[in-house]
Amino acid sequence: MSAGRPAPELPEPLSPIVDAHTHLDACGATDAASTAAIVDRAASVGVGRVVTVADDLAAARWAVRAAHWDDRVFAAVALHPTRANALDDEAKAELERLADDPRVVAVGETGLDYYWPGKLEGCADIETQIEGFRWHIDLAKRIRKPLMIHNREADHDLLTVLLDEGAPDTVIFHCFSSDTNMALSCVAEGYVLSFSGTVSFKNAHELREAAKVVPDDQILVETDAPYLTPHPFRGAPNEPYCLPYTVRALAGLRGQDPVELAKITTANARRVYRI
Ligand SMILES: [Zn+2]
Ligand SMILES: [Zn+2]
């Protein structure tokens, strides 16, 4: 798991908040009890609901199970863009079956990752990623669930493929990391932008500017735990209970009351995920 730094202390509660994107399995949850322990800790500071997200088939099966163990947990299933080369007919059939489960609230994380090809062994190349992304877009439209996007250094192609394929009714950019121009393009298309702990990093100047231009009804908050632990705990293991740190940082940037932003993002999460 994460580096040697100790776990962040519990933040002051901020309620209600929905963690719009996390990975409970990567946080160490294995069964119903360990899942409940993580969500209990989150709930103790106001993070009452979480969406646990899969990046491969095993994680997708697990996410659906976790969402059935605990009514505070919802699932999202897909093959991560870096794993799009595993999207054969068998995988497609299983993903379709899993995505149809009533506890699955989104198809994700899918999208494009232009950082890892050539650096990570076995990573899907760009062409394969685009093909996989198109398949996930079509799946989200067929089952009428939101599309949850992972974007790394692929702003232009993401917008182009979405326009070309025809975007589903709800598109969520998880861990939005781009600049103001990209934020405005997404907002104009009606997409929803989800902000993680990276928005609290003092050196993330362009992202912090982008966070200011997103309208209230198009914003979500997430941990992407166990990654991207918010300031001042960077490098320590992240968990859904850390989300209030990010909400407070984001509220500060946007000149909003954190309690108000918690309410706004929770209402948005309930609307887009229908939870
Ligand atoms: Zn991602
Ligand atoms: Zn993620």
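Me: Is Trp69 buried, partly exposed or exposed?
Reply: This is a predicted model, so take every value here as computed from it. Trp69 comes out at 36%, so Trp69 counts as partly exposed.

Me: And how do Trp62 and Trp69 sit against each other?
Reply: Trp62 is buried, at 8% relative accessibility. The ring centres of Trp62 and Trp69 are 5.9 Å apart, with 80 degrees between the planes. Planes over 60 degrees apart count as edge-to-face, so that's the label for this pair: edge-to-face.

Me: What about Phe173 and Tyr191, which kind of aromatic pair do they form?
Reply: Both residues are buried. Phe173 lies in strand S6 and Tyr191 in the loop between H6 and strand S7, so the pair ties together parts 18 residues apart in sequence. The centres are 5.8 Å apart and the planes 25 degrees apart. Under 30 degrees counts as stacked, so this pair is stacked.

Me: Which residue coordinates both zinc ions?
Reply: The protein donors of the zinc ion (ligand 1) are Glu109, His150 and His174, at 2.0 to 2.1 Å. Glu109 lies in strand S4 and His174 in the loop between strand S6 and helix H6, so the pair ties together parts 65 residues apart in sequence. The zinc ion (ligand 1) and the zinc ion (ligand 2) are 3.6 Å apart, and the residue coordinating both is Glu109.

Me: How many disulfides does a search of the whole structure find?
Reply: Take Cys27: the nearest cysteine sulfur, that of Cys242, is 9.0 Å away. A disulfide needs the sulfurs within 2.5 Å, so Cys27 is in no disulfide. Cys242 is in none either. For the whole structure, the search finds zero.

Me: Which residue lies over the face of Tyr115?
Reply: There's a charged residue over the ring of Phe201 too: Arg234, at 3.7 Å from the ring centre. Over Tyr115, at 3.8 Å from the ring centre, lies Arg152.

Notes: Residues numbered from 1 in each chain as written. Chains lettered and ligands numbered in written order. Predicted model: local features only at pLDDT ≥ 70, side-chain atom pairs only at ≥ 80, totals over all residues. Heavy atoms only, no water. Donors = N, O, S within 2.8 Å, 3.2 Å for Na, K, Ca; no water. Helix = DSSP H or I, 4+ residues; strand = E, 2+ residues; numbered from the N terminus. Phe/Tyr/Trp six-rings, centres within 6.5 Å; stacked < 30°, edge-to-face > 60°. Buried < 20%, exposed > 50% of the residue type's maximum accessible area, 1.4 Å probe, protein only. Lys NZ or Arg CZ within 6 Å of the ring centre and 35° of its normal.
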